[in-house]
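Trainee: I'd like to learn how to read a protein model. Could you walk me through one?
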Amino acid sequence: MAYKVDHEYDYLFKIILIGDSGVGKSNILSRFTWNEFSLESKSTIGVEFATRTLQVGFVWKILISCNFPASSFSVL
Ligand SMILES: Nc1nc2c(ncn2[C@@H]2O[C@H](COP(=O)(O)OP(=O)(O)O)[C@@H](O)[C@H]2O)c(=O)[nH]1
Ligand SMILES: [Mg+2]
């Protein structure tokens, strides 16, 4: 049976979600990649990554990164 391993794709999209804490970035990521939603998601420390590969004509690999809120940088 033929199958595609994960690193085989035609196009790679890298999407970075930025925004204030608690606006729903981590849940957008988990809904898109695992179809999961959590009412009790913990606030993200650092960066979260996930990928999903779709086949719509071509094979599209979508890498979503959801990083900590921009306001975290104000202390730097
Ligand atoms: N009702 C509702 N709650 C949401 C939605 N998206 C996120 N939340 C809630 O908002 C809170 C913060 O979400 P989270 O994804 O952790 O936000 P982040 O800090 O931007 O990553 C969590 O309690 C989620 O369950 C949504 O579309 N509807
Ligand atoms: Mg988060």
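Mentor: Let's start at a turn: S2 and S3 form a hairpin with one residue between them, and glycine 57 in that turn has a positive phi of about 75°. Strands here are DSSP runs of E with at least two residues, helices are runs of H or I with at least four, and both are numbered from the N terminus. Before going on, note that this is a predicted model, where local features need pLDDT of at least 70, side-chain atom pairs count only at pLDDT 80 or more, and totals for chains, interfaces and linings use all residues. Residues are numbered from 1 along each chain as its sequence is written, while chains are lettered from A and ligands numbered from 1 in the order in which they are written.

Trainee: What is the average pLDDT of the chain?

Mentor: pLDDT is the predictor's confidence in each residue, from 0 to 100. The chain averages 82, and 75% of the residues score at least 70.

Trainee: Which pattern does the chain follow along the sequence?

Mentor: Reading along, you get β-α-β-β. That comes from one helix and three strands.

Trainee: How do strands pair, in general?

Mentor: Strands of a sheet pair through backbone hydrogen bonds, either parallel or antiparallel. For the counting here, two strands pair if DSSP finds at least two bridges between them. Strand S2 (residues 47-56) and strand S3 (residues 58-67) run antiparallel and are joined by 10 bridges. One spot to look at is glutamine 55, which stands opposite valine 59 in S3.

Trainee: In which sense do S1 and S3 pair, parallel or antiparallel?

Mentor: Parallel, over seven bridges. You can find leucine 12 with lysine 61 of S3 as its bridge partner, and leucine 17 opposite cysteine 66 in S3.

Trainee: What is the order of the strands in the sheet?

Mentor: The sheet is open, with three strands in the order S1-S3-S2 and mixed pairing. S1 and S2 are the edge strands, each pairing on one side only. On average, neighbouring strands are turned by 20° against each other, direction ignored. Angles like this run from 0 to 180 degrees between N-to-C directions, using axes that are lines fitted to C-alpha atoms, for helices over the stretch in contact.

Trainee: Where does the helix lie?

Mentor: Helix H1 (residues 25-34) lies across S1, S2 and S3, running at about 35° to S2. Phenylalanine 32 sits in H1. Leaving aside neighbours within four places in sequence, phenylalanine 32 is in contact with Arg52 and Ile64; contact means that the C-beta atoms, placed from the backbone, lie within 7 Å.

Trainee: What share of the residues is buried?

Mentor: Count other C-beta atoms, placed from the backbone, within 10 Å of a residue's own: 20 or more is buried, 12 or fewer is exposed, and in between is partly exposed. Buried residues make up 5% of the 76 in the chain. None of the seven residues of S1 is buried, so S1 lies largely in the open. Phenylalanine 32 is partly exposed because it has 14 other C-beta atoms within 10 Å.

Trainee: Why does asparagine 35 count as exposed?

Mentor: Asparagine 35 is exposed because 8 other C-beta atoms lie within 10 Å. You'll find asparagine 35 in the loop between H1 and S2. Its backbone deserves a look too. Most residues other than glycine have a negative phi. Asparagine 35 has a positive phi of about 55° although it is not a glycine.

Trainee: How many residues surround ligand 1?

Mentor: The shell holds 13 residues, and the closest are Gly24, Lys25, Ser26, Asn27 and Ser41; the cut-off is a C-beta atom, placed from the backbone, within 6 Å of the molecule. By class, the shell has two nonpolar, 10 polar and one charged residues. Here Ala, Val, Leu, Ile, Met, Phe, Trp, Tyr, Cys and Pro count as nonpolar, Asp, Glu, Lys and Arg as charged, and the others, Gly among them, as polar.

Terms used
Two residues are in contact if their C-beta atoms, placed from the backbone, lie within 7 Å.
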